[in-house]
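Please look through the structure shown here.

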Amino acid sequence: MVGIRTILRWCRVWLPLSILYGLILLYFSGIDDWPHVLLLISRLIAALLGMQILTWSVPPSDVVRAFEWFLPRLGVSLAIALRLVPRLEQSAKWRLETLQERGFVEEESTLSNLRTRASIWPGWLADSLDHAHDLGDAVQSRGILAPRRWRHGVRQRIVQFALGEDIREDGVEPHHFSDSVQLGLDLEIRLPGGRSIGRHKELLRGGNIVLLRGPSGCGKSSLLRLIAGVSPWQHPVSIHGKAHLSGHPVLGEVDLSSGPFDEAIACWIPQDPDRHGIAESVQREFSIARRLSGPWSQQEMLESLREWGLFSKLESKPEHLSDGEQQRLLLAAHLDPAQPVWLLDEADVHLDEEGFIQLGKAVVKHRTRGGLVIVVAHRHARWERIADVELSIGDSMSSQDYPSVWIEPGEEVGLPPQSSLFSHELKPIRSGDLILVQGANGTGKTTLLREWSASANLPWLPTSPDRRLLGMTVQEELDLQHPILYQQSLMIEPSLNEEAENLGILQSALRLELGLSHLSMTTPVHDLSTGERRRLSLLPLLMRNPSILLLDEIDHGLDDETLAGLLSQINKSRKKGSAVVVTSHSPDLTAWAKVCGGRIWRIERGRLAEVGQ
Amino acid sequence: MNWESFQAWAMTPGGIAVWLTLLCGLFFGSLLVSVDRKIRLGREAALIALLAAVASASRVLFAALPNVQPVTLFILMIGLHLGARRATAVAMLTALLSNMALGHGPWTFYQAIAWAAVGTSSAVLRPLLVNWDGTKVRILPMAILAFVWGFLFDWMVSLSALAIYQSFEAFITFIIAGLVFDAMHAVGNVLFTVWLAPSLHQLLWLHRRHEAGRWYPDLPMDTIEMEARMADSKAEAHRQENPLAGIERLDGGE
């Protein structure tokens with residue numbers, strides 16, 4: 001809404017400029033002509049203000065809708081751009097926050113502050129590009145670029161628009177896939193050098209839930225992306241062989257190698273929900289998704305939102321939701337019953353028990369309809385109960401026990417802050433303590449860590465490692481992990497002082513311990529696997545050796561072996577005297593925390609309490 | 001109203017403003033339609049969206065500095081790497097998006113068309129702007145082109161002033177009054193070229209590399225060459241000496 005203040009702010013900029021322009025005009029045309037000049041300037045200001053008010057009065061979402069009617073694909077671009085703008089802003093904030101956390105902005109001149117801030121620009125751009133690719137893949141896999149979807153029932157829509165009615169998507173015929181859903185794979189994915197990163201020869205039939213298992217980097221997600229009809233990897237790869245899907249509701253028989261497709265080939269729910277939501281609001285996300293699969297009503301949408309526990313979030317912006325809530329939104333909106341194949345890539349990792357039960361119900365229902373569900377999950381304890389087929393990819397992993405160690409607590413090191421969101425009467429944390437924080441989606445586990453970090457000046461590691469990575473390449477990232485190392489990297493002829501040398505050795509030793517020493521310095525950070533990025537983002541935290549390590553959903557995206565390595569590193573930090581606070585929904589990690597003598601905190605209804613206290 | 005009087009009106013400042021704006025509007029619309037039909041891949045739609053979002057955000061971010069903003073350089077780089085048509089798409093969306101915050105008007109058309117011309121110019125002059133194998137941007141020619149476009153772009157956009165003032169004298173005064181701002185735009189473009197062009201070049205190269213990840217039986221030659229270069233540097237990293245080699249651990253571990 002345009003208010004007086006907005007207009008005054010506008011006048012503060014434009015009025016002096018108009019007066020300046022009037023004075024120049026008077027100088028050229030002479031003082032005698034002042035009534036004409038005054039008229040000209042008044043006309044200018046009136047025209048500018050009129051157009052500005054018009055611009056302010058039309059919400060951006062209406063512009064997107066207008067585009068969707070006439071220029072559907074650019075409409076998608078515009079919608080993505082509107083989704084990206086707040087995310088870009090947020091991403092810049094995370095990077096500045098990370099700089100501050102790593103001690104860059106203290107005791108430096110304005111010039112060097114500016115130079116340091118400018119150095120995060122390439123990493124910020126690369127992360128934004130990665131996010132844009134994710135959004136593009138989401139658009140592609142959901143068939144949103146297909147013109148038929150956007151232009152159906154135009155006449156009916158015009159009538160509804162003219163009569164001021166809700167515009168319904170009645171023009172779309174409901175889709176049904178056939179009874180004989182089959183997915184045949186006989187293919188190999190190769191890197192440019194010819195090295196194979198996945199050989200798949202399977203025949204998967206509808207009416208089954210297939211659990212894909214294998215270590216990180218063995219090609220599980222690539223295979224799912226390939227079936228979803230999107231670019232299989234962030235690296236250039238070549239795919240040799242055949243893949244065939246039968247029973248598709250629109251295309252019938254699909255040869256996957258003849259893509260890219262306008263239509264959605266499968267229902268793909270990827271990792272990282274905050275990077276795959278398209279719309280700028282919960283309601284819009286839902287309406288974009290539902291218009292693809294057939295007629296829908298407002299009531300149906302509301303019921304689905306209620307089932308997934310998102311009813312109260314209807315008017316929220318997706319970026320204001322927690323990771324778990326964003327995952328629920330993606331599942332509620334995009335689990336499309338019309339698609340024969342559902343591909344769930346770590347879709348349950350952010351979900352609490354209630355959310356997982358809801359997902360389990362949906363998956364079992366789809367199996368009963370004759371659909372095929374392929375699940376990738378590293379914490380497979382939850383899925384083993386309902387999976388019909390288990391497939392292992394890559395080297396079979398031995399069942400990994402998480403390394404446990406009992407450490408006698410030392411002196412007091414801190415307490416979580418008391419705030420309006422959480423009240424507690426907890427005992428203080430001691431050095432060597434292990435704390436596991438649990439709670440339903442949206443209760444504020446991440447907020448707790450963020451506020452704690454801000455109030456006690458402690459570093460913390462968010463779920464998404466990209467929020468703590470600053471460089472575009474591994475070399476840039478390593479340089480930006482400490483101000484002294486960064487200073488060294490700026491020197492043309494580095495003269496090593498003792499402090500820089502010690503830091504370099506510490507960094508190299510930690511890289512070796514975290515299994516990162518093999519990484520090439522020129523590799524773009526976003527080419528690394530989730531596990532590698534997570535370990536790389538943990539490195540500066542370990543270098544600082546803080547009194548309390550705050551880690552959000554440490555197990556996200558990691559296979560058992562990688563997670564075991566990380567937990568062993570955490571145990572070492574505890575031995576050195578750091579307390580560790582971890583959030584997780586995983587039952588496996590709960591068991592690990594108990595074996596390690598850890599304390600379990602639970603957030604419920606704004607109250608943070610210790611379980612069993 | 002007969003044909004002669006219509007012709008006479010068309011040559012007045014008001015008439016020129018009307019037909020110029022109509023013409024630009026039509027051109028703008030047809031460009032949008034052609035760009036819309038061109039988009040086939042989700043990643044393409046998303047890349048256009050990202051570049052438009054970054055360009056718009058940077059334009060709004062630098063709004064406090066009069067006429068200093070990196071959009072012109074962005075569009076130059078996009079034209080250079082992705083061609084004139086994608087640069088046009090980004091130009092259209094940037095004008096639309098950034099003016100949602102800064103204010104729409106007849107200048108929106110002119111800005112979009114001027115930026116489309118900027119992108120086309122760098123696409124045409126590509127051989128002058130990159131080195132022999134296309135791996136690096138030549139900063140000097142790029143800075144000169146950006147400097148020239150600082151003035152040209154503003155003069156093209158100033159044509160929208162005719163629609164508002166409807167007087168040749170006022171329009172000329174407008175151009176003269178804006179010379180200082182045009183110079184600021186040109187100098188700003190040069191500074192942004194020195195600062196941002198290398199990282200933008202790297203970003204767009206990254207996109208082209210990712211774009212190659214499709215169902216190809218054989219990868220394009222340039223992709224294979226680029227990957228071979230990266231593999232070489234990876235092997236070099238393996239050869240680097242382990243910093244802990246030779247240090248004996250006190251706990252007896254390896």
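**A covered strand and a helix crossing**

Strand β13 of chain A, residues 434-439, is mostly covered, with 5 of its 6 residues buried (20 or more other C-beta atoms within 10 Å of a residue's own, C-beta atoms being placed from the backbone). The model is predicted, so local features need pLDDT of at least 70 and side-chain atom pairs pLDDT 80 or more, while totals for chains, interfaces and linings use all residues. Residues are numbered from 1 along each chain as its sequence is written, and chains are lettered from A and ligands numbered from 1 in the order in which they are written.

β13(A) runs parallel to strand β16 of chain A (residues 579-583), joined to it by 4 bridges; strands pair if DSSP finds at least two bridges between them. A:Leu436 stands opposite A:Val582 in β16(A) and opposite A:Ile600 in β17(A).

Between the chains, helix α6 of chain A (residues 121-141) meets helix α3 of chain B (residues 42-61): their axes come within 7 Å and cross at roughly 140°. Axes are lines fitted to C-alpha atoms, for helices over the stretch in contact, and angles run from 0 to 180 degrees between N-to-C directions.

Key:
Helix = DSSP H or I, 4+ residues; strand = E, 2+ residues; numbered from the N terminus. Buried ≥ 20, exposed ≤ 12 C-beta atoms within 10 Å, placed from the backbone.
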